[in-house]
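This briefing reviews one protein chain for a reader who works with its coordinates. The sequence and structure come first.

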Amino acid sequence: MNAPTEAQTLAALQTAPAGAASLARPVPGAPMWLLAELTYKCPLHCVFCSNPTDYAAHMSELSTEDWLRVFREGRAMGAVQLGLSGGEPLLRDDLEVLVAEARKLGFYINLITSGIGLTEKRASALKEAGLDHIQLSFQDSTKELNDFLSSTRTFDLKNKVAAIIKSQGYPMVLNCVMHRYNLPQVGRIIEMAESMGAEFLELANTQYYGWAWHNRAALMPSHAELIEAEKIVDSHRARLAGRMKILWVSPDYYDAKVKPCMAGWGSLFMVIAPDGLALPCHSARMLPGFDFPNVTEHSIASIWRDSDAFNRYRGTSWMSETCLSCDEHPKDFGGCRCQAFLVTGSAEATDPVCPKSPDRHLIDEAIAVADAAASSSLTAQPQPLRFVAGAAKGGGMLFRTDANSRTLVDAVPGALEIATPHA
Ligand code: SF4
Ligand code: SF4
C-alpha cells in the first residue's frame, strides 16, 4: 500500500512546530511523522501497490526489539504520529506489543491495513494496547473489481472487517485508490462507505510509483473520466456534509499542480522499511546514487540530522533554475524527486507535472494515450471484471506478487505473471 495519506500529511503539518518545513531552516527539529513499514509480506497483490517492485530482494525484517528502539528514539526526538503499515502489518504477530509500547511513549497510532487478519479478538486486543485508529483499504465497491485488482477473494472479508472496526468504536476511516477501472463507480464507492458508517473516506487518485508505475498505461483515466468523477464526488460531499468527510486526492498529472511531496524532503517524515532502511519517503528506495542508512547501524537522530540521504534535497541548493526562480518553491518544495526520476531519469529535475518543466510533454503524452484509450472501443467498457484463479497471464497489468518481484529483481524478460481483465 502504504504511503501516508493526504489526510495524514495534513495532520502532521498541523502538529508541526512553526517553521518545521521552512526552507530557511533546512534541518528541521524532528521527524514528526514516523511510518513503520513492518513487513513487505502481503496476502493481496494490488496492481497499484506503492511498495518497491524489487521488494522480494528485501524481505528481512527488524526484530521486535529493533522496532521498539526505533519508536523510543523517534519519540525522544519529538515524533508524534506513528503509522504502522506494510505490506500487511497484521502479519506481524508482535503488532500488539509494538502498539502497547508506542502508546506508552505517547504516539498517536494509526494502523494502515487491507484488513486481512483483523479478527474481533485482534481488533479488541489492539484497542486495549492503545491503537487510535485503523485505516481500511478497499479496491472498489464491487466484489468483482475489488477481487480482480487485488487478485484475491477478499471483498467479503473486508466487509466483515469494516463491521468489526465500527462495532469496536474505532473511527471508521476508509481508503480507496482511484484509477480508470473504478472512477466510473465513484458514487457507489461513496455510498458503500456511507452504509458502513465511515466518518472519513479518502479517494486517492493513483500516484504512479512502485507497481502503479509499471501499470501506468492501464490505470490512467482520461480527462473526461476524472472530470465526471469529481463532479459526482462534489455532489455527494455536499449531501454528506457533517456526516462523512470525503477527501479527493488530486491527480497531479492532470491538475498540472505540483504537490508539496512529503511536505518537503526530510522535513517531517521518516519511513522505516521492513529491513530497517530509513527513507525520506516510501518510494525513495529506488532512487539511484543513494546509500540509505539503516536503523540497525545508526540512530534515528544521526540519520535525520547527518545522513547525506536525508540532507540531499533539503533546502534549495539542489533545485533547478526553473524552481529557484519560481515563487512557488517555498510552498511545493520543488515537488516530488521520485516522480522526477521515474519520468525524466533525473531525480534533480523539475517535477515533470509542473507546466514550467521542460519535461511536461512526457506527462501530456501519457495523458493523450489515456484519452485515446478511453475513446477506443477496446477499452471503453472495461467492466465487469472478475477474479479468475491463476489467470495472471496473457497481457495486461502486472500484479504485485513475489514471483513478479523476483523476476524484476533478476531482470528476467518474459517471465512476468500478467493480469488480464476478464469480461
Ligand atoms: S498489495 Fe495491496 S494491500 Fe498489500 S501492501 Fe500493496 S496495496 Fe496494500
Ligand atoms: S517551477 Fe518548481 S517551484 Fe515552480 S511550480 Fe514548478 S515545480 Fe514548483
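The model is predicted: local features require pLDDT of at least 70, side-chain atom pairs count only at pLDDT 80 or more, and totals for chains, interfaces and linings use all residues. Residues are numbered from 1 along each chain as its sequence is written, and chains are lettered from A and ligands numbered from 1 in the order in which they are written.

**Overall composition**

- The chain contains 18 helices and 11 strands, where helices (H or I, at least four residues) and strands (E, at least two) are DSSP runs numbered from the N terminus.
- Of its 423 residues, 50% count as buried; a residue is buried if 20 or more other C-beta atoms lie within 10 Å of its own, exposed if 12 or fewer, and partly exposed in between, with C-beta atoms placed from the backbone.
- Among contacts with a separation of 6 or more, 73% join residues 24 or more positions apart; two residues are in contact if their C-beta atoms, placed from the backbone, lie within 7 Å.

**Nonpolar core**

- In soluble globular proteins, nonpolar side chains tend to be buried together.
- The largest nonpolar core has 113 residues, of which Ile165 and Leu174 touch the most other members; such a core is a set of buried Ala, Val, Leu, Ile, Met, Phe, Trp, Tyr and Cys residues joined through C-beta atoms within 7 Å.
- Strand β5 (residues 172-178) supplies the largest share of this core, 6 residues.
- Leaving aside residues up to four places away in sequence, Ile165 touches Ala123, Ile134, Leu136, Tyr170 and Met172.

**Helix pair α7 and α10**

- The axes of α7 (residues 186-195) and α10 (residues 223-239) come within 9 Å and cross at roughly 30°; axes are lines fitted to C-alpha atoms, for helices over the stretch in contact, and angles run from 0 to 180 degrees between N-to-C directions.
- Helix α7 is therefore roughly parallel to α10, a class for angles under 35 degrees, whereas those over 145 count as roughly antiparallel, 65 to 115 as roughly perpendicular and the rest as oblique.
- The crossing of α7 and α10 is right-handed, that is, the near helix is turned clockwise from the far one by less than a right angle.
- Val186, Gly187 and Ile190 of α7 meet Ala229, Ile232, Val233 and His236 of α10.
- These contact residues divide into 5 nonpolar, 2 polar and no charged; Ala, Val, Leu, Ile, Met, Phe, Trp, Tyr, Cys and Pro count as nonpolar, Asp, Glu, Lys and Arg as charged, and the others, Gly among them, as polar.

**Helix pair α3 and α4**

- Helix α3 (residues 95-105) packs against α4 (residues 120-129) at about 25°, with the axes 8 Å apart, so α3 is roughly parallel to α4.
- Their crossing is right-handed.
- The contact involves Leu95, Glu96, Val99, Ala100 and Arg103 of α3 and Ala125, Leu126 and Ala129 of α4, comprising 6 nonpolar, no polar and 2 charged residues.

**Individual residues**

- Phe399 lies in the loop between β10 (397-398) and α18 (402-410) and counts as buried because it has 24 C-beta neighbours inside 10 Å.
- Phe399 and Ser150 are 249 residues apart in sequence, yet their C-alpha atoms are 7.8 Å apart.
- Val249, in strand β7 (residues 245-249), counts as partly exposed, with 19 C-beta neighbours inside 10 Å.
- Asp147 belongs to helix α5 (residues 143-150) and is buried, with 22 other C-beta atoms within 10 Å.
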